[in-house]
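Have a look at the fold first, then read on.

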Amino acid sequence: MNIILLTNQDYCSRNTVSIPRGDYRYKHMRHVLRVSVGDTLRVGVLHGKRHTGVVAVCSDQEIILTVMEQEKPLPRKLPITLCVALPRPQTYKKVVYDATVLGVSELVFFHSRKVEKSYWHSPVLGEEKTGKLLRDALSQAGDTVPPRISTYPRFRPFAEDVLPRLLKGKEGFLFHPRDTVHTLSPSQIPVLYMVGPEGGFTDFEYELLGNADLLGVSLGERILRVEQAVATILGYSLIKFA
């Protein structure tokens, strides 16, 4: 963890938080960081601000932190809306984690013909498991604000009704190994990136997306997994928008 994420429920007074034994944050501070009284830590409130925390009590039962009033600036978000055809559950976890660490502003998962319908019923999409993924990724990145995440289990309503709204005020790019000739070189920000399933979009889907004013981009001749394509795209963007 590069930041200890707190919630409002952790506060026992205006500037004091208590992390009980058994909590994953207690275990990390006690057994990984090996904190002692007087040590300072980077802390932040989920969906809120970052601060410095000072260890006031370190016992076998709890760790009490005094949260300093002075705020620390948050890492800057990438001006990116990342739309991904829902991948297999293990890949979903990788995409959510990596996109959060790299600072994507918004994550959108949508259905496609070549997406297994069973993926939509996976427990990893649930609030509890996705929330843990987000907290882990934020702790790694030293951030407190997760990306907005939305899901659309029907392709046509997403492509015809939702996508135009998402694209408003953005430049859009469609990553697909078809007759794409454009390069990934945004002329404006924010941007929207659309990544299809590993089997590619069907002809119908590709034509429907062609009505959405998206620039087609190919990542080359090699066939990439979804997580590899996402990592490539976001790695470029991290440098571009830094």
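Two strands count as paired if DSSP finds at least two bridges between them; strands (E, at least two residues) and helices (H or I, at least four) are DSSP runs, numbered from the N terminus. This is a predicted model, where local features need pLDDT of at least 70, side-chain atom pairs count only at pLDDT 80 or more, and totals for chains, interfaces and linings use all residues. Residues are numbered from 1 along each chain as its sequence is written, and side-chain values use heavy atoms, with hydrogens and water left out.

Let's start with strand pairs.

| Pair | Bridges | Sense |
|---|---|---|
| Strand 5 (50-58) and strand 6 (62-67) | five | antiparallel |
| Strand 7 (78-85) and strand 8 | six | parallel |
| Strand 8 and strand 9 (148-152) | five | parallel |

On the strand 9 side, E106 faces R148. Strand 8 (residues 104-110) is well covered too: seven of its seven residues are buried, meaning under 20% relative accessible area with a 1.4 Å probe, protein chains only.

Technical notes: Buried means under 20% relative accessible area, exposed over 50%, partly exposed in between (1.4 Å probe, protein chains only).
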